[in-house]
Amino acid sequence: MDETSGRGRGALASAGAVVATLLLVALMFMVTSSNRAREQAILWERHSYDVMLLTRSADGSIARAEAALGRYVLDELQKTGTTYYNEWRLAERQITQLERMVYRDPEQYARVKELRRLYRVRGTELAVAAAAASAKKGSGGISLFYQAGMSPTGDALRGKLSEIAQEERHDLLDRMTATGTSGARANELTEWLGWIAVLIGIGAVVLGYLAYRAIRQRLHALAEADSEASRAQRLEEAVRARTSELVDANQRLKEEAAERAAAEAQLRQVQKMEAVGQLTGGIAHDFNNMLAVVVGGLDLAKRKLRSSKREVEFHLDNAMEGATRAAALTRRLLAFARAEPLLPVSTSPSELVEGMLDLVDRSIGERITVSTRFPERPWHIRVDTNQLENAILNMAVNGRDAMDGQGQLAIRVDNVTLADGEVNELSAGDYVRISVADTGSGIPPEMIDRVFEPFFTTKPVGKGTGLGLSQIFGFARQSGGNITLDSTVGVGTTVSIYLPRIEVSGQNAAEIRPVPRAIPEVAVAPAGTSILVVEDDPRVSRATVGALEELGYRTIACASGREAIDLLERETSISLIITDVMMPEMTGPELIREAAHRWPWIAVLFVTGYVGEAGDADDLSGHDILRKPFTVSGLSSAVASALSRRVSEWHPAEEVSAAE
């Protein structure tokens with residue numbers, strides 16, 4: 001019986017809910033219709049206001065046009081005539097807009113059509129006076145304007161505008177009445193809708209109570225079944241969560257493995273490049289020592305045989321050329337090994353690139369178009385300008401070869417701010433980027449990772465040594481920067497050098513100065529000039545001493561820094577120290593630092609072919625440098641330069657004070 005009564009209450013409640021829903025839907029439809037009618041009436045009110053405003057604007061434009069024409073027939077100025085023409089055309093556009101606004105109202109549309117006819121008639125009447133004024137006929141234009149003013153067309157035109165506005169005013173009153181009626185009806189229906197909502201709310205409370213009782217009975221009957229289902233569901237969710245965790249962990253392990261593999265590959269690449277750099281640096285060190293003996297001995301022999309044996313001189317010239325080419329090769333190896341002694345100065349890359357454009361043009365040929373781009377405010381860098389010029393020229397020549405001598409080459413200098421690790425291992429900060437882009441054949445992806453390896457080249461056999469990009473790589477790293485390469489097969493290649501920015505304020509710090517190349521050889525040594533030669537390689541030492549004696553200097557040789565200190569304490573006549581940079585126990589810069597405190601008046605000349613771990617450019621700052629291998633002429637110029645600096649920078653009074 002309880003079940004039967006429950007079903008009856010449910011059916012009654014369902015029927016009540018259906019009736020209430022139908023009433024609510026009907027009321028909502030009626031409210032919506034009333035609101036839509038009110039909105040439509042408001043739109044028509046706005047339309048009437050726009051039409052009335054447009055009629056007044058057209059009337060004003062016609063009046064201003066006639067007034068301007070009146071002034072025009074009096075002063076016959078083109079400016080006044082232009083004002084008349086603009087106002088009259090504006091009135092025509094306003095009449096056209098009226099036609100578009102009232103095309104749905106046949107009566108108003110007919111009135112606007114009549115208005116346009118009167119406008120055209122009136123325009124014909126006024127055009128005669130305007131033409132007379134344009135022809136500058138004097139008072140003739142005034143009489144014609146007076147005749148046009150006496151025409152009834154003007155009054156008819158204004159009357160038609162007034163008629164259109166009056167008709168819209170009547171329509172506006174009717175539409176305002178309709179808007180009020182629709183609003184009142186909508187408010188009344190909204191009030192009924194509120195009451196229906198209250199009744200529905202009460203019914204919902206009753207239905208909720210009945211539903212609560214039914215649900216409570218149902219839950220009580222199915223308590224044990226729900227308990228078992230919940231337990232099974234919890235078990236299934238636990239299995240699903242565990243499975244998801246295992247999948248996520250497996251994915252993370254895969255990602256970590258991929259990252260570790262990439263890091264290991266990068267580390268192997270760096271280690272390989274560092275190992276190759278150390279190898280080439282060591283080879284270049286020994287090779288330069290041998291070349292120093294060869295070049296020095298050949299040059300001495302050539303000087304002895306110059307006057308008599310031309311055939312011997314010819315063979316000596318060939319040997320000298322081969323040794324010079326070998327020296328150039330070691331320079332490139334040293335640049336890759338980051339052991340070439342740089343001569344950095346503060347410079348603007350934009351000015352440097354602009355100054356070498358003629359050299360680039362001559363090097364790559366006339367069939368290649370070179371374009372440049374520079375920043376508005378160029379930043380400065382501290383770099384060896386000769387090395388930077390060589391790097392840019394090397395990149396340009398590589399681009400020429402990739403384009404087969406014809407294409408476009410773009411050299412760009414940009415100021416960039418990098419985040420930490422954004423470009424290779426560079427730290428965050430400001431950098432100058434120098435890019436050289438070509439439109440050549442590009443480099444295949446499988447070769448890009450090897451382009452900076454020494455002796456690897458994508459050029460045909462005999463077209464390149466494979467040291468160009470590796471030399472640029474070593475120079476960039478040694479200068480505190482880095483290098484990147486982007487290439488697409490068939491599109492082109494862009495090589496970019498990143499060099500750290502420096503702040504330029506006042507006088508820059510003392511820079512390393514290379515030995516001047518224009519100083520003539522000193523044929524006769526100054527009387528009493530003594531030179532101390534510090535060189536650990538006996539062959540290089542003998543060649544250097546022989547060259548100095550050939551030039552007329554008095555020389556004293558030793559093989560280490562400690563031995564040099566002992567000789568300086570005994571020998572008071574030494575005017576110049578010529579020292580190697582890399583030596584056991586005490587390096588050349590360490591020797592000079594100690595000697596400078598005790599004998600500051602003695603000049604210094606560094607002779608080196610490999611810097612290695614002897615120190616950076618700051619250790620050599622303020623002194624002349626002569627690179628191995630060198631000729632007697634080069635040694636003569638270097639000695640003359642160092643001695644001339646000593647004379648210009650030291651005064652006898654200071655020497656006496658230091659000795660005391």
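Residues are classed as buried when their relative accessible area is under 20%, as exposed when it is over 50%, and as partly exposed in between, with a 1.4 Å probe and protein chains only. The structure described is a predicted model, in which local features need pLDDT of at least 70 and side-chain atom pairs count only at pLDDT 80 or more, whereas totals for chains, interfaces and linings use all residues. Residues are numbered from 1 along each chain as its sequence is written, and side-chain values use heavy atoms, with hydrogens and water left out.

Of the 660 residues in the chain, 39% are buried. The accessible surface comes to about 37,300 Å², and carbon and sulfur atoms account for 55% of that area; the areas come from the Shrake-Rupley method with a 1.4 Å probe, and for residues only the protein chains shown count as cover. Contacts are defined by heavy atoms within 4.5 Å. Among contacts in the chain with a separation of 6 or more, 76% involve residues 24 or more positions apart.

A nonpolar core is a set of buried Ala, Val, Leu, Ile, Met, Phe, Trp, Tyr and Cys residues joined through side-chain atoms within 4.5 Å. The largest such core contains 36 residues, of which Leu 388, Ile 392 and Ile 497 touch the most other members. Helix α10 (residues 385–402) supplies the largest share of this core, with six residues. With neighbours within four places in sequence left aside, Leu 388 is in contact with Leu 352, Ile 381, Val 383, Ile 434, Phe 475 and Leu 499. A second, separate core has 28 residues, including Tyr 72, Leu 98, Ala 148 and Ile 164.

The buried residues of α2 are Thr 80, Gly 81, Tyr 84, Glu 87, Trp 88, Ala 91, Gln 94, Ile 95, Leu 98, Glu 99 and Met 101.

Two aromatic pairs are found in the whole structure. Rings of Phe, Tyr and Trp (its six-membered ring) pair if their centres lie within 6.5 Å, and planes under 30 degrees apart count as stacked, over 60 as edge-to-face and the rest as tilted. Tyr 84 and Trp 88 form a stacked pair, with a centre-to-centre distance of 6.5 Å and 25 degrees between the planes. These two residues are four residues apart in helix α2 and are therefore separated by about one helical turn. Trp 88 and Tyr 119 also form a stacked pair, at 4.6 Å centre to centre and with 15 degrees between the planes. Because Trp 88 lies in helix α2 and Tyr 119 in helix α3 (residues 106–134), this pair ties together parts that are 31 residues apart in sequence. Trp 88 is buried at 7% relative accessibility, and Tyr 119 is buried with a relative accessible area of 4%. Tyr 84, Trp 88 and Tyr 119 form one aromatic cluster.

A ring also takes part in a charge contact: the charged end of Arg 501 sits over the ring of Trp 379, 4.1 Å from its centre. The criterion requires NZ of Lys or CZ of Arg within 6 Å of the ring centre and within 35 degrees of the ring normal.

Several backbone features occur in loops. A cis peptide bond, with omega of about -10 degrees, joins Lys 628 and Pro 629; Pro 629 lies in the loop between β13 (624–627) and α16 (632–649). Asp 404, which is not a glycine, has a positive phi of about 55 degrees. This residue is found in the loop between α10 and β4 (407–418) and is exposed at 65% relative accessibility. Asn 424, in the loop between β4 and β5 (429–438), likewise has a positive phi, near 50 degrees, but is partly exposed at 38% relative accessibility.

Thr 544 lies in helix α13 (residues 538–550) and is buried at 5% relative accessibility. Beyond its neighbours within four places in sequence, Thr 544 is in contact with Val 533, Phe 630 and Leu 635.
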